[in-house]
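Let's take a friendly walk through this model together. Have the structure open beside you as you read.

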Amino acid sequence: MDQQRLAALLQESQVPDTQKIKAITAELQKNYYSKPESLLLLVEIIATHDDFGVRQQAAVQAARLVPKHWEQIPKEQKVAVRQHLVQATMKETNPKCRHAESRVIAAIATIDFEDGNEWPDLLPALFQLAGNADVGQREVGSYIIFSLLEANPTTFSEKTKELLELFSHTIRDPQSADVRINTMMSIGAMLLMFEPDEDEEEVAALQSLLPAMVDVLKDAVQAGDDEKTGQAFEVFQQFLAYESALLGQYLKDLVQFMIDLAANTQADDDVRSQALSFLAQTVRYRRMKIQGMRDMGQLLTQKSMVILTEIDDDEDEDEMSPARSALALLDQLATDLPPRQVIVPLLDALPQFAASPEVGYRKAGILALGTVVEGAPDFVASQVKSIMPHVIALLNDADVGVRHTALIGLARLADDIAEELSAYNEAIMTGLVKNLQAAMAPSADPKLAKKNIEVIRSVCGALDSMSEGLDASFMKQYAGELVENIGALVSHEDYKVKVAAAGALGAIAESLDEDFKPYFEKTMHALGAYLRVKDSEEDLSLRSGVIDSMGRIATAVGPETFQPYVMDLMTASEEGLELDNSRLRESSFILWSSLAKVYGKEFATFLPGVFKGLFQTLELEEEEISLHLTEEEKGIVGTTEEVITAGKKIRIKDANEDDEDLMEDEDDTDDWEDLAVSAEALEKEVAIEILGDVLTHACSGAEVTQYLEKAIEMISPLAEHPYEGCRKAALSTLWRAYARVWQLMEEETGSSWEPGFPPKQTPSVTLVKLGEIVSQATLQIWGEDGDRAVVTEINRNVAATLKACGPAILAQKDLMTQIVSILTTIITRSHPCQQDLGDEGEDQEVEGGSSEYDWLIIDTALDVVIGLAVALGPSFAELWKIFEKPILKFASSEAENMERSTGVGVIAECCSNMEAAVTPYTQKLLNLLLKRLSDADQETRSNAAYATGQLILNSTDSATYLAQYETILQKLEPMLQITDARIKDNAAGCICRMIMAHPDRVPLGQVLPALVGLLPLKDDYEENSPLYECISKLYELNEPTIQQLTPKLIPVFEHVLSPPAEQLDDETRELVRKMVALLFNAKPDLFSGHPNVLKLAGLA
């Protein structure tokens, strides 16, 4: 084997010629790397060649070949090879070569130590080197130690104390920044060796190094050394992957240091952005610790807002400047911390920012507000009255940049709380129209013209986001002007404006509903011009936007009006699947969902193409990335074939396997960097969701028989997909499929399920099998998944299915037991998704409440508890014994209104569904509800009124609750005058249930006039059922007061029998009709002025 030829090949491979590299690679693999001798030659080249590039390439390849060939090298040669390699590394002057050579030493040492410590003098020599008086020796020794720790930390498993002692000196090396950073990286590499519960002394020694580690970062920043700065940040990031005890009390100091560094405008922008990125990750993975630090959430919020004032109009959205990094931190804070720690200080600062003479502050205020709303929509919605005057003012700001920013902020607000903004629609629309008109005016100033295009797009975006809060009656007054102006933008020269205009037209249609019909034909003609464009990526993006818009228009105008366009649109959407554009395919899928909902079973003619397209996406091979791994790394990964991470398939290659990029510099690559979610995974997520929509809305029994089995076969494995969006969509669609098949079975048999357990109905064979698949897929994920959104989605679907389909699925093996167990972990805040990373199993409850995302997990879990109560009926009383304590704890919470109101609401629903089985719990529940009837929080009081009525109506322990009748009525009386939170509706419902339970114990002469004076109910239509049932029974009893109130009730009956239909359920509507008929037969003269009520009741 020719050493000179090998060296020459390595040298030639450095020329960037793909074909030449392929030829060299082939020769190297065939003639050299397949033989053990090649490893010896590479070590010799490392030691003797005068070209550092060749030495580095030789080291890279040697490290890859060590796992394959080292054990085949004769034992008598190994001693000389080791010595030769160490000496070469020690005398190496080029840092990159030295690092590559150190990795060869680490690769050999890893095997030697696994084989029984065949290199016994290495570790003592390294300790001596790292502590040597010669700075060069220290640099070599410290990097080899790092390489060993990085390759296999357990090499030092018996030397942890000695390492920490060594590091206590080298981390403060007075002469070498390299030694200091090598030490810091070594500390990061050894973190997995610590067990805080078992190694308290070693953890304390580790923590004592943290101040010096911060100094290493400070020195690197001050020296302007980007590489060392990045390495130091990376080590601090590594701490977040392990138990929080490793940082312990130093976490707060570290967070304080990072926010001070981020706020320092004298520091390099990239450094500041890295500090903010670290903080965002800390908030994400240590949210409970950050929440427990007094005022830290407030400090991070306030400083982030100030950093955000640096935002530049010309800033590239893809560049992570300090300002954009601050936005990302604000988003994370709002997502993971309670509103009082983030939203409250932000809103306190908003008036000052919004009124500031400095443009940057005005922009920062509205951008910050728009960013945090997604994390805390309920709280922000409750503050709309104080927020919106500032938003309106900024929409009309003198500075076009501020107005543009305000439009972005408004759109983000509307994405989450559009309906709550409806009281300000007039002022908002005026601002939008003014901005649109100003931006459409021609300008000779190129900078202003560019900004005008951004403003136009943002106006369209704001309209798009606001569609849910814009009702038809309001939009009518603006429709003509808006459709004309925005319709003209569909032919704008800028394709992004065209896309935005198409979205806005869809939103306008959605708001107007059938009132969009006068603009329908003209709009469809304008959009239709782009339905088949395909010559560029811009064309495909525009085509996608047009299809999205047309789907919304179809939903608005209805099946008959849209019918002429369906065939052409479906053809275009199916053709679009073949154009190799993921976004266009997603738009086609979303269109199919819209049309399936519009046309229902009439959509069946298109189902073959629809399922074909969806199945093709679900069969997509996901992006493959190759990793060159040693045997040890394969052991860590746990496979020798492939892994999937973040939706990307990663093929595992041998460390010595052929690769065109043969000569890559290992110091400049990181196989394990964070990988973005692949386009294929995102597309699958959409396809799975749409498949659920199509099954639910467009499939009858025949289509279910034809497509369900394959759909389930393809979806089920995706329930364990590494991308959380796919897991969430897959599990949701599985549950929806079960609910749809159950619904079809009930339609076919004409029967409905009854509450109770064991179930009284026998489901079909298909349903039993489907239930088995659904429950198994769910149980594999539900109790262990660390993603909050996945667990929340499972909760929602299980709850909805139990309420819609009853108890049958609970008969699946172990499902009931597992559901109860999982729900208990969630509502006691001990589920993995509720824990800080690395701290699973610890008590995570801290003062200060929950973020809205964290509470949503509990809220939806409590909805599953309600679902169990609905499905089981009186049988649920046994499970109430398990859930009672945590639910009463929520209902008794003094800290959080949200916890009290939700807890009381759950009690109400459980009382309703347990019926008389609630009796043993009457005293305890009544005591709590009496307190909550006087609660300061309106929502809690409202729910308490509802719960009290349900308890009285269902419990047979009349002796307990009758003793409190007078007290309850006294507490309810003032509620009848309160309009917030449905209080008066729920109070009225409670009084009616009390009357139905014991009419003799209620002063009807005083109560009924007040009650009838509230009618018709405007907010909580559910309470119409007990209300009209009560009135009906009083008529049956010939109660005199209700007879006297008949003239007042007749117009009420007319109102509730009129649209909207959701005012009354079918049973209550029939009850009201019967009352009208009886009253008309008895006293027809009372109806002389109300002929319409007779028509509505079917009497005329």
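## Around L868

In this predicted model, L868 touches L802, L810, M816, I819, L823, G873, F876, L879 and F883, leaving aside residues up to four places away in sequence. L868 also belongs to the largest nonpolar core, which has 367 residues. The residues with the most contacts inside that core are F562, F603, L868, F876 and Y1028. Helix α40 (residues 852-872) gives the most to this core, contributing 13 residues.

## Helices

| Helix | Residues |
|---|---|
| α18 | 322-336 |
| α36 | 724-749 |
| α37 | 765-782 |

From its first C-alpha to its last, α18 reaches 21 Å, close to the 21 Å expected at 1.5 Å a residue. Because 13 of its 15 residues are buried, α18 is largely enclosed by the rest of the structure.

Now turn to α36 and α37: their axes come within 10 Å and cross at roughly 155°. An angle over 145 degrees counts as roughly antiparallel, so that is how α36 runs relative to α37. On the α36 side, the contact is made by R727, L731, L734, W735, A737, Y738, V741, W742 and M745. Their partners on α37 include T766, L767, L770 and G771. The crossing of α36 past α37 is left-handed.

## A loop residue

Is D1019 buried, exposed or partly exposed? With a relative accessible area of 44%, D1019 is partly exposed. D1019 sits in the loop between α48 (1004-1013) and α49 (1024-1036). Not counting residues up to four places away in sequence, D1019 touches T979, R982 and D985. D1019 and S732 are 287 residues apart in sequence, and their C-alpha atoms are 30 Å apart in space.

Terms used: Residues are numbered from 1 along each chain as its sequence is written. This is a predicted model: local features need pLDDT of at least 70, side-chain atom pairs count only at pLDDT 80 or more; totals for chains, interfaces and linings use all residues. Side-chain values use heavy atoms; hydrogens and water are left out. A nonpolar core is a set of buried Ala, Val, Leu, Ile, Met, Phe, Trp, Tyr and Cys residues joined through side-chain atoms within 4.5 Å. Buried means under 20% relative accessible area, exposed over 50%, partly exposed in between (1.4 Å probe, protein chains only). Helices (H or I, at least four residues) and strands (E, at least two) are DSSP runs, numbered from the N terminus. Contact means heavy atoms within 4.5 Å. The expected span of a helix is 1.5 Å times one less than its number of residues. Axes are lines fitted to C-alpha atoms, for helices over the stretch in contact, and angles run from 0 to 180 degrees between N-to-C directions. Angles under 35 degrees count as roughly parallel, over 145 as roughly antiparallel, 65 to 115 as roughly perpendicular and the rest as oblique. A crossing is left-handed if the near helix is turned anticlockwise from the far one by less than a right angle, and right-handed if clockwise.
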